[in-house]
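Please look at the sequence and the structure below before reading on.

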Amino acid sequence: MGKAFSLGGTALQQATPTVIDVDEWARYFALQTLLGVADIYGVDNPHNVAFYARPDNGRVVVLQNDWGFGFGLSTSASIYGKNNVFKILKLPGYRRLYQGISLT
């Protein structure tokens, strides 16, 4: 996962689905954004996150951890956070997936 995240552009887009569950990550970060969680990986601090590699396919999922600072972001805050993880969700192939998540 770390090696894939260090890539950019087309190489990143091609490597990403082999190492992470992109749909699950999009849902996780959409919910995090909806709740305005500030003290979290991808926004203000690179912590309060856990990763789990599935034993069946090795793809990594992200797990919620310590969302005690909900509704801490401005309503005008970017849905793409501030840190590196969102570069995946900004890729053309995944931007639409992320923006189209329905949390109902």
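Tyr80 is buried in this predicted model, with a relative accessible area of 9%; buried means under 20% relative accessible area, exposed over 50% and partly exposed in between, with a 1.4 Å probe and protein chains only. Residues are numbered from 1 along each chain as its sequence is written.

**Aromatic pairs**

- The whole structure holds eight aromatic pairs, where rings of Phe, Tyr and Trp (its six-membered ring) pair if their centres lie within 6.5 Å, and planes under 30 degrees apart count as stacked, over 60 as edge-to-face and the rest as tilted.
- Phe29 and Phe86 form an edge-to-face pair, because their ring centres are 5.1 Å apart and their planes stand at 65°.
- Phe29 belongs to helix α3 (residues 22-34) and Phe86 to helix α4 (residues 86-89), so this pair ties together parts 57 residues apart in sequence; helices (H or I, at least four residues) and strands (E, at least two) are DSSP runs numbered from the N terminus.
- Phe29 is buried at 0% relative accessible area, and Phe86 is buried at 1%.
- Tyr80 and Tyr98 make a tilted pair, with 5.3 Å centre to centre and 55° between the planes.
- Tyr80 sits in the loop between β2 (60-64) and α4, and Tyr98 in helix α5 (residues 92-99), so the pair ties together parts 18 residues apart in sequence.
- Tyr98 is buried, with a relative accessible area of 4%.
- Ring pairs link a cluster whose members include Phe5, Trp25, Phe51 and Trp67.

**Asp21**

- Asp21 lies in the loop between α2 (9-19) and α3 and is buried at 12% relative accessible area.
- The side chains of Asp21 and Arg54 are joined by a polar contact of 2.9 Å (a pair of N or O atoms within 3.5 Å; within protein, one must be able to donate a hydrogen and the other to accept it, and residues adjacent in sequence count only if both atoms are side-chain atoms).
- Beyond its neighbours within four places in sequence, Asp21 is in contact (heavy atoms within 4.5 Å) with Arg54, Arg59, Val60 and Val61.

Notes
This is a predicted model: local features need pLDDT of at least 70, side-chain atom pairs count only at pLDDT 80 or more; totals for chains, interfaces and linings use all residues. Side-chain values use heavy atoms; hydrogens and water are left out.
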